[in-house]
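The sequence and structure come first.

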Amino acid sequence: MNFLNAMPGEIALAGIIVALLLLDFIIKENKAVIGWTFTVLMAALMVYVAAFKTEATLLNGAYVSDGLSWISQVMILLAASLTGLLSVQSVKTGKKFTGAYYILLACSTLGLMFLVSSKELITLYIGLELATVSLYALAAIYKTDDSSTEAGIKYLILGAISSAILLFGISLIYGITRTTYIDGVMAYTSQSPVGPIFVIALIMTLLGAGFKLSMVPMHLWTPDVYQGAPTPVTAFISVASKAAGFIFAIRLFSYMFVRLDYIWVPLLSIIALLTMTVGNLMAIPQKNVKRLLAYSTISQAGYILVGFVGASVIGISSVIFYLLAYTVTNIAAFAVVTAFSKATGSDNLDDYAGLAQKEPLLALLFMLSLLSLAGIPPLAGFVGKFYLFYSAMQKGYVWLVVAAALNSTISLYYYLLILKQMYIFDRKKEFPKIKIDFSVKIVLIFTMIVIFIMGIFPGPVLDLTTDIAQSLFFK
Amino acid sequence: MVELILFYAFAALIIFSAVLLVTARNVFHGALYLASTLFGVAAIFALSGSFFLAGIQVLIYIGAVVVLLIFVINLTRQIAGSSAAQVNEAVVPALITSLLTITLIVLAVLKTDWATRIGKSVAQTEAMDNTAVIGTQLLTNFAIPFEVVSVLLLAALIGAIAIVSRDKEAGK
């Protein structure tokens, strides 16, 4: 099988990284060109990958391009280009490091693209590391800002520990099954009984993957990193890196360990409950918008885990659908935060008071994205959540669905707190007029269109995700 | 028999120096204990017939990583001589958690029948040259991770430079 035909996206992206390196070398003054180049190339690559879907298996099944990898690569490239748009006019890294910023972003995107297409544990791990190592540096790119440095260090240390746990789990799996191929491990689990050591290996891989998903108990890094990292990087971590983490989890649990679901489904249902509840309860007292959104993404991860508990095909389909909805919604929310903090230099929730009087449009967009996160019809988040909970109902997890619905109500409370600040309270401080940059405007318009389309006409997207989920099991 | 004794001796060396590594009050001593831990790992690799891995472990980890670490410690002011406490108030819960995890893993390992599993794979690979097998695997079945690792190193390099190097413009 020809590599160029099987993985055009990855090879093109590797070329883009080299091109960005050269561009950074050539362009001395107007560094914004690099950001625009990155954004445009990512968008172009996304269109290419979306339009020319490939079906291929490389290296005896170690690497595949299937429906799942196709849709997640489109999602990751979309997130990368939107992050590029958010960064171009608001990230201030200084001329010297602008190039490094976009190159690292491209490297992280490449790692995530490898991660979603691998079906072999070592390839998966390397893809994961490439994505995360670039993000460690990106989180700490504001060197003079203490909270950014703190974010980088916390992310690095906790990330290293969780990779060690994941690697230990993978090596135990290799020791038991003598293969690192996902299909091989799956065949092993369907033929032989598994011992307690295999259960430990499974839990270790779950915890290692859980770091990316900010799943309780691996969520502790989330608030500090989200708060300290530059806002566009936070958006990228919360969207692309998390989506790839969920695809990783689909490959591991819904596929590789599918025969062992009697072990991980009960475990994951409890973790899902804890993740939602901890995220939501911790979000309520937060005073910093980025921190609040961090806890909100933890609880979102909890809802998505409900889909894993659900019946296999419909569960995976609902997870992919929700990831799409969540990607655009969260990017929209962070776009508003980026615009606000660029103009006012603040992320404080109290400073959002009275935003609706002065910036009715910005406040309206923030309201729409928050309501979509909370799952209010007719926005994308509602359909996504409905479908996730429906899949868990199919498997008879009524208690989990009830708990998830209660949690959605709790989350509505703190989303409404933000709305109350914006719409009911008066301004306390005077800020300069907020000018929404051209690039951020594109992001906001695009995400709002997608949120409404996915909320009002979810049918075609649902058909697509169901097809993908089915092709995973029935060839 | 000799192999078994050597295995346990090196395993004891690894555990002993690893414990000292995390408890050492002086960073410099910690780096030396790290070298001895990594040497023990290399010896275990050699005992199990992976001479290539053993050589790489010594060359890269002890020869490059630890030496680099010692250079960094010596070049950084104040940390070479200072001694810092390695325990904080969370030491008791941490110990309990680690002990429970160890017990769980050890119990599970003891319950698993490793002899037949490992016997099979040793019989398979003993006929071939270990180093040749690694080389072939890296360039055939594991070609993709092998190539991606180089991008990973590039990203790590760029990231490290971006974080560490001083920005002259920002100072002005």
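## Charges over rings

A:Lys53 lies over the face of A:Trp70, with 5.1 Å to the ring centre. The model is a predicted one.

## Aromatic pairs

Over all chains, the count of aromatic pairs comes to 24. A:Tyr155 and A:Phe211 make a stacked pair, with 6.0 Å centre to centre and 25° between the planes. This pair links distant parts of the chain: A:Tyr155 belongs to helix H7 (residues 146-177) of chain A and A:Phe211 to helix H9 (residues 196-213) of chain A, 56 residues apart. Both A:Tyr155 and A:Phe211 are buried.

A:Tyr155 also forms a stacked pair with A:Trp221, at 4.9 Å centre to centre and 20° between the planes. Here too distant parts of the chain are linked, since A:Tyr155 is in helix H7 of chain A and A:Trp221 is in the loop between H9 and helix H10 (222-228) of chain A, 66 residues apart.

## Burial

Why does A:Tyr155 count as buried? Its relative accessibility is 0%, and buried means under 20% relative accessible area. A:Trp221 is buried because its relative accessible area is 2%, below that cut-off of 20%.

Definitions and conventions. Residues are numbered from 1 along each chain as its sequence is written. Chains are lettered from A and ligands numbered from 1 in the order in which they are written. This is a predicted model: local features need pLDDT of at least 70, side-chain atom pairs count only at pLDDT 80 or more; totals for chains, interfaces and linings use all residues. Side-chain values use heavy atoms; hydrogens and water are left out. Rings of Phe, Tyr and Trp (its six-membered ring) pair if their centres lie within 6.5 Å; planes under 30 degrees apart count as stacked, over 60 as edge-to-face and the rest as tilted. Helices (H or I, at least four residues) and strands (E, at least two) are DSSP runs, numbered from the N terminus. Buried means under 20% relative accessible area, exposed over 50%, partly exposed in between (1.4 Å probe, protein chains only). A charge sits over a ring if NZ of Lys or CZ of Arg is within 6 Å of the ring centre and within 35 degrees of the ring normal.
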